[in-house]
Amino acid sequence: MKVLIVYHSLYGHVLRMARAAEEGVSSVRDVEAVLRRVEEFEDTQKKLEQDEFGRPVWEKQKDIAVCTLNDLKDSAGLLIGSPTRYGNMTAQMKKLVDSTATLWQEGAMEGKPAGFFTSTATTHGGQETTLITMMIPFLHLGMIVTGVPYSAQGMLHTDARGGTPYGATTIAGQQNELQPTAEDLDIARALGRRVAETAKKLNM
Ligand SMILES: Cc1cc2nc3c(=O)[nH]c(=O)nc-3n(C[C@H](O)[C@H](O)[C@H](O)COP(=O)(O)O)c2cc1C
């Protein structure tokens, strides 16, 4: 059984969260984690290649396969990660979402669990709104939204870091200078594990 992790990331924060979610999925027996990125816009890619901070991240992820509709169809569960753009997912991620009409018609995603993760520059920069607005199209596709329970390690806190019941999060900093904390990555792992376990139970 495959569980797909699809992400978009320019400066590596969501990429690190995706890798942690992938580890969580892989920790569940008989579940294969499949990591995919969304297609980058040509103009953004050109800018990244000229950007001292963006280029190393692009180099790290350019060989990760781009998500296709077949990847979505073949998955028993899904984790979706996007950086925040004004409290919403990125246009690159939305492009993938808006290409799923045939999957909607076929009911191909119905009944599968989906979990969400994001990154913001600032503490109150819209983590929850991004997670919730990302959920909406996947509810239309008939998926079962999976959050993070407060029993997960690191969820009850008042620190300047991520961790929400709506999904896994991290704070990148205004100049993208921060990195996901150990707790942020643990919560992303827990979400990956939870989606994989739920997919497995639903397919018993
Ligand atoms: C057009 C634009 C809009 C953004 N909107 C927000 C926002 O609403 N709140 C916020 O905290 N950060 C915002 N950011 C910062 C990004 O969310 C941040 O760079 C990202 O989370 C880093 O993730 P990445 O390293 O995976 O690319 C915005 C960035 C851009 C370019």
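A residue is called buried here if 20 or more other C-beta atoms lie within 10 Å of its own, exposed if 12 or fewer, and partly exposed in between, with C-beta atoms placed from the backbone. Helices (H or I, at least four residues) and strands (E, at least two) are DSSP runs, numbered from the N terminus.

The model is predicted: local features need pLDDT of at least 70, side-chain atom pairs count only at pLDDT 80 or more, and totals for chains, interfaces and linings use all residues. Residues are numbered from 1 along each chain as its sequence is written.

**Strands**

In strand E3 (residues 77-83), Gly-77, Leu-79, Gly-81 and Pro-83 point one way and Leu-78, Ile-80 and Ser-82 the other way, and all are buried. E3 is thus mostly covered, with seven of its seven residues buried. Strand E1 (residues 2-7) has five of its six residues buried, so E1 is largely enclosed by the rest of the structure.

Two strands are taken to pair if DSSP finds at least two bridges between them. E1 runs parallel to E2 and is joined to it by six bridges; five bridges join E1 to E3, also in parallel. E3 in turn pairs with E4 in the parallel sense over six bridges.

**Helix H1**

E1, H1 and E2 form a right-handed β-α-β unit; right-handed means that, with the strands pointing away from the viewer, the path from the first strand over the helix to the second runs clockwise. The expected span of a helix is 1.5 Å times one less than its number of residues. For the 14 residues of H1 this gives 20 Å, and the end C-alpha atoms are 20 Å apart, which agrees. H1 is largely enclosed by the rest of the structure, because 11 of its 14 residues are buried. Among them are His-13, Arg-16 and Glu-22.

A residue counts as near a molecule if its C-beta atom, placed from the backbone, lies within 6 Å of it. The shell around the ligand has 20 residues, of which Ser-9, Tyr-11, Ser-119, Thr-120 and Gly-125 come nearest. Helix H1 (13-26) and strand E4 (113-120) are the elements that give two or more residues to this shell. H1 gives the largest share, three residues. By class, the shell has eight nonpolar, 11 polar and one charged residues, where Ala, Val, Leu, Ile, Met, Phe, Trp, Tyr, Cys and Pro count as nonpolar, Asp, Glu, Lys and Arg as charged, and the others, Gly among them, as polar.

**Individual residues**

Gln-61 lies in helix H3 (residues 54-61). Leaving aside neighbours within four places in sequence, Gln-61 is in contact (C-beta atoms, placed from the backbone, within 7 Å) with Leu-15 and Arg-37. Gly-12 is 49 residues from Gln-61 in sequence, and their C-alpha atoms are 9.0 Å apart.

Asp-30, with phi near 70°, lies in the loop between H1 and strand E2 (32-37). Asn-176, with phi of about 60°, lies in the loop between strand E6 (168-171) and helix H8 (182-202). Both values are positive in residues other than glycine.

| Residue | Other C-beta atoms within 10 Å | Class |
|---|---|---|
| Asp-30 | 8 C-beta atoms within 10 Å | Asp-30 is exposed |
| Asn-176 | 17 C-beta atoms within 10 Å | Asn-176 is partly exposed |
| Gln-61 | 18 C-beta atoms within 10 Å | Gln-61 is partly exposed |

Conventions
Two residues are in contact if their C-beta atoms, placed from the backbone, lie within 7 Å.
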